[in-house]
Amino acid sequence: MVVLVRNPLSSELQCLMLPAEDWSVGDFLRSWCQAQELPQDHFYVKCNGRCINSEGILQDGALYSVEPRLCGGKGGFGSMLRALGAQIEKTTNREACRDLSGRRLRDVNHEKAMAEWVKQQAEREADKEQRRLERLKRKLVGPKHFFTNPDYQQQCHEMAERLEDSVLKGMQASSSTVVSPESSESRKGMADSGTGPPSEKKRCLW
């Protein structure tokens, strides 16, 4: 029986003559590994791209390939890729696309928004004027504040009297002709009796 075998070490096809017609795949693999001085557990046999059982019978003229076994990983990479794909958000922005006339959708949307804004300009102006009138009305209707404090008024009156006395004393000290207290008292008496000239209303000096 003649079979074609692809050598995994050199990737070359070899034509092998087998002594018996009922050789199994396991017997062939054992014989090939002994000839190459390699462990049998590290290889398996494929036929036409499919892995075949070691108990299967070799077919005359078929093409077999001896493949080395690879150490498997810990796994979990596929689940990581699926989780990462679920986290990626698909974009919904289509403004960079073009319509049938060749215009960008972004420009078309901007024109629509501008037309809508111009259409609502009169309403915005009316609302602005109404808010201004409402603010003015609130200011006019607001209560007027008056400052009424009897203590403060009394202090102002006393301060005016003390200021007048201080000015009079300063003038008496600086002038050469000293004003006598009797004359000042007589003036006060005349003012109280009403016979003298009418006294002017006291004014604050500040």
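User: Why does Arg-30 count as partly exposed?

Analyst: Arg-30 has a relative accessibility of 38%. Residues are buried under 20% relative accessible area, exposed over 50% and partly exposed in between (1.4 Å probe, protein chains only). The value for Arg-30 lies in the middle range, so Arg-30 is partly exposed. The model is predicted: local features need pLDDT of at least 70 and side-chain atom pairs pLDDT 80 or more, whereas totals for chains, interfaces and linings use all residues. Residues are numbered from 1 along each chain as its sequence is written, and side-chain values use heavy atoms, with hydrogens and water left out.

User: What makes Asp-27 and Arg-30 a salt bridge?

Analyst: Their closest N and O atoms are 2.9 Å apart. A salt bridge requires a side-chain nitrogen of Lys or Arg within 4 Å of a carboxyl oxygen of Asp or Glu, and the pair therefore qualifies. Both residues belong to helix α1, three residues apart, about one turn of the helix. Asp-27, at 31% relative accessible area, is partly exposed.

User: Which side chain meets Arg-132 in a salt bridge, and at what N to O distance?

Analyst: The partner is Glu-129, at 2.5 Å. Helix α4 (residues 121-141) holds both, three residues apart. Glu-129 has a relative accessible area of 37% and is partly exposed; Arg-132, at 40%, is also counted as partly exposed.

User: How far apart are Glu-158 and Arg-162 in helix α5?

Analyst: They are four residues apart in helix α5 (residues 150-174), which means a separation of about one helical turn. Glu-158 is partly exposed at 33%, and Arg-162 is partly exposed at 48%.

User: What makes up the largest nonpolar core?

Analyst: The core has 14 residues, and those with the most contacts inside it are Phe-28, Leu-29, Phe-43, Val-45, Leu-58, Tyr-64 and Val-66. The elements giving two or more residues to this core are α1 (25-36), β3 (43-47) and β5 (63-68), with α1 giving the most, five residues. A set is called a nonpolar core when buried Ala, Val, Leu, Ile, Met, Phe, Trp, Tyr and Cys residues are joined through side-chain atoms within 4.5 Å.

User: Which residues is Phe-28 in contact with, leaving aside its neighbours within four places in sequence?

Analyst: Phe-28 is in contact (heavy atoms within 4.5 Å) with Val-5, Leu-16, Trp-23, Val-45, Leu-58 and Val-66.

User: Why is Met-80 called exposed?

Analyst: Met-80 has a relative accessible area of 54%, above the cut-off for exposed residues, and is therefore exposed. Met-80 is found in helix α2 (residues 77-87). With Phe-77 and Leu-81, Met-80 makes a nonpolar surface patch of about 350 Å². Patches consist of residues with over 30% relative accessible area and no salt bridge, like charges being joined within 9 Å and nonpolar side chains (Val, Leu, Ile, Met, Phe, Trp, Tyr) within 5 Å. Areas come from the Shrake-Rupley method with a 1.4 Å probe; for residues, only the protein chains shown count as cover.

User: What is the phi of Glu-37?

Analyst: Phi of Glu-37 is near 60°, a positive value in a residue other than glycine. Most residues other than glycine have a negative phi. Glu-37 lies in the loop between α1 and β3 and is exposed, at 72% relative accessible area.

User: How many helices and strands does the chain have?

Analyst: The chain has six helices and five strands. Helices (H or I, at least four residues) and strands (E, at least two) are DSSP runs, numbered from the N terminus. From that end, the elements run β-β-α-β-β-β-α-α-α-α-α.
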